[in-house]
Amino acid sequence: MSEQIPSYPACPFSGEPPPLPPGPVFRARLPGGDPVWVITGYDEVRTALNHPFLGRDLTTDDPHMGAEAAMAGALRDRTLLLDGPPHAQLRRLAGRPLTPVRVAELRPGIRRLADGLLDDMAEAGPPEDLLARLAFPLPLAVLCALLGVPERDGAAFRQWADRMTAIDAATRDETLAALHTMFTYLTERLEEKRTRPGQDLLSAWLAAQEEDDRLTDNEIVQLAFSVLFAGYESTAAAIGACVYGLLRHPEQLEALRASPELAPNAVRELMRTQLATPYYRVLRARRDFPLAGVTIERGDGVMPLTWAAQRDPGRFPSGDVLDIRRAGAGVADFVFGYGRHACLGAALATTMVEVAVATLVRRFPTLRPAVPLETLAWHTDRFPGGGLRELPVRW
Ligand code: HEM
């Protein structure tokens, strides 16, 4: 291509939110070489995420897409990864056990788990790594219980997930091997549920039916995989990011401690400002159309940059500022995406993050960083990117 296109300024989040890129749109070349339109304006990102002429395309092989392109080849039947009526049907069936009402029933159990983990942390004594003590084990325990798989297999999940979220293109075979192992494992658990159903997602999905539509075994295994893959690290990263945000802004931590009822608003505001990932999924144009003042041509790639859009000053006044009292936090952000692929686990994820943060703040009134925050190391090798490597704390 003769067009001169600058490289995409990937800016992994490491503490301070990265500077806002130009808006509402700019052209850049991704690490894999593909040129894309990067959309940063709030209204334009909202339009792009649900645009009828923009859709998923898993045939491109951008290195930053990590395991996902590899996964596409392994999936059959309906899949959450693509668009269209099959995806919508699958979402309807799959989402039933994850509605806010169902999730509310899980809250007491999540509280008990968080308390148990923090009991252990208290007993071990400071300093302790908050990620290892709370942020990772809590979602893992919740998701294993929800799916109905033994928690002792959690360590294996963690390894498989690590393999699948690493970006390193040289490890593609390992990625596929991990994917295969995980599919085999989940298929075996599904067989067990068929003969001995329980109060869990695998059993609920086996029973799910709408008119004469049911989920196939392969779809259920794929959904279970999606829950672990989409729900585990993301929630762990969110808990880490929220606590980091509070430690970095002690006056906000103090405000939350003084007014614990702010927790739901606070975690949404913390996620909006602290969860910046350098990339978002690239969508492909199915035909020409105007967006953000440019003409997107058929075949063009479009990357809606949600972290930038949710700081767009036109929509979020002083959007760079973390304010846990910000009115209506979460009403309009893109923390859980938007439109036809919006997060299916948003209610559960929000509950886990909220319970983790609220319990921590309540139980450890003198919580503080054990090392200077500027010295913390961040992941730069994960899809979709970002996240702390550890978060040592004292109390
Ligand atoms: C704080 C934690 C989480 C965050 C920030 C998050 C964020 C997101 C986002 C932004 C998307 C949309 C991706 C896109 O547009 O391509 C998404 C999709 C999805 N998430 Fe989450 N998520 C979290 C936790 C969870 C949990 C706990 C589950 C499972 C219980 C889950 C299951 C899913 C699924 C299945 C999809 C795909 C939906 C579809 O394509 O139709 N997520 N998530």
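1. Lining of the second largest pocket. α4 makes the biggest contribution here, with seven residues. This is a predicted model: local features need pLDDT of at least 70, side-chain atom pairs count only at pLDDT 80 or more, and totals for chains, interfaces and linings use all residues. Residues are numbered from 1 along each chain as its sequence is written, and side-chain values use heavy atoms, with hydrogens and water left out. Helix and strand labels follow DSSP runs (helices H or I, at least four residues; strands E, at least two), numbered from the N terminus.

2. Make-up of that pocket. The second largest pocket holds about 410 Å³ of space. A pocket is an open set of points on a 1 Å grid over the protein atoms alone, where a 1.4 Å probe fits, with protein on both sides within 12 Å along at least five of seven lines; lining residues have an atom within 4 Å of a point. Grid points are joined across faces, edges and corners, and the volume is the space filled by probe spheres set on the points. The lining has 21 residues, and those nearest the centre are Pro 97, Arg 102, Leu 146, Gln 199 and Asp 200. At least two residues each come from α4 (100-124), α6 (137-147) and α9 (201-207). By class, the lining has 14 nonpolar, three polar and four charged residues. Ala, Val, Leu, Ile, Met, Phe, Trp, Tyr, Cys and Pro count as nonpolar, Asp, Glu, Lys and Arg as charged, and the others, Gly among them, as polar.

3. The iron site. Cys 343 (SG) is the only protein donor of the iron atom of the ligand, at 2.3 Å. Donors are N, O and S atoms within 2.8 Å of the metal (3.2 Å for Na, K and Ca); water is not among the atoms, so sites may look incomplete. Cys 343 sits in the loop between α13 (306-309) and α14 (346-363).

4. A polar side-chain atom of Arg 91 is 2.7 Å from a ligand oxygen atom. For Tyr 280, a side-chain N or O atom lies 2.8 Å from an oxygen atom of the ligand. Arg 281 also places a polar side-chain atom 2.8 Å from a ligand oxygen atom. Two or more residues of the shell come from each of α3 (85-95), α10 (217-248) and α14.

5. The ligand shell as a whole. The ligand is surrounded by 24 residues (a heavy atom within 4 Å). His 87, Arg 91, Tyr 280, His 341 and Cys 343 are the closest. α10 supplies the largest share, six residues. The shell divides into 13 nonpolar, seven polar and four charged residues.

6. Aromatic pairs. Rings of Phe, Tyr and Trp (its six-membered ring) pair if their centres lie within 6.5 Å; planes under 30 degrees apart count as stacked, over 60 as edge-to-face and the rest as tilted. The count is twelve aromatic pairs. Phe 136 and Tyr 232 form an edge-to-face pair, at 5.8 Å centre to centre and 75° between the planes. This pair links distant parts of the chain, 96 residues apart: Phe 136 is in the loop between α5 (130-135) and α6, and Tyr 232 is in helix α10.

7. Backbone points to check. Gly 23 and Pro 24 are joined by a cis peptide bond, with omega about 0°. Pro 24 is in the segment before β1 (25-29). Another cis peptide bond joins Pro 126 and Pro 127, with omega about -5°. Pro 127 is in the loop between α4 and β4 (128-129). Ala 292, a residue other than glycine, has a positive phi near 55°.

Technical notes. Polar contact = N/O pair within 3.5 Å; in protein donor to acceptor, adjacent residues only side chain to side chain.
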